[in-house]
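Dear colleague,

Please find below the structure for your review. My findings follow it.

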Amino acid sequence: MAEINVERKKRSGWLWIIVLVVLAIIGYALYRYLNEDNNTAEYNGAPTSFVMPVAPHHLGSV
């Protein structure tokens, strides 16, 4: 009887490298999106609440 050797194919390492790169890009994009403070109302000087001062701002304190 003949002996048959069945060996599993080795998977390429490129798939894991591509997956890691894609995950890194997604993680970086999420980090930039969630930590971006340049477009907030407080940064731009817009009012952040509905409470208005009693005296107009341009009169200042007397």
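The protein chain contains two helices and zero strands, where helices (H or I, at least four residues) and strands (E, at least two) are DSSP runs numbered from the N terminus. This is a predicted model, in which local features need pLDDT of at least 70, side-chain atom pairs count only at pLDDT 80 or more, and totals for chains, interfaces and linings use all residues. Residues are numbered from 1 along each chain as its sequence is written, and side-chain values use heavy atoms, with hydrogens and water left out.

Of the 62 residues of the protein chain, 0% count as buried (buried is under 20% relative accessible area, exposed over 50%, partly exposed in between; 1.4 Å probe, protein chains only). The chain exposes about 7100 Å², and carbon and sulfur atoms supply 63% of it (Shrake-Rupley method, 1.4 Å probe; for residues, only the protein chains shown count as cover).

Helix 1 has 21 residues, and the number buried is zero, so this helix lies largely in the open. Trp 14 belongs to helix 1 and counts as exposed because its relative accessibility is 62%.
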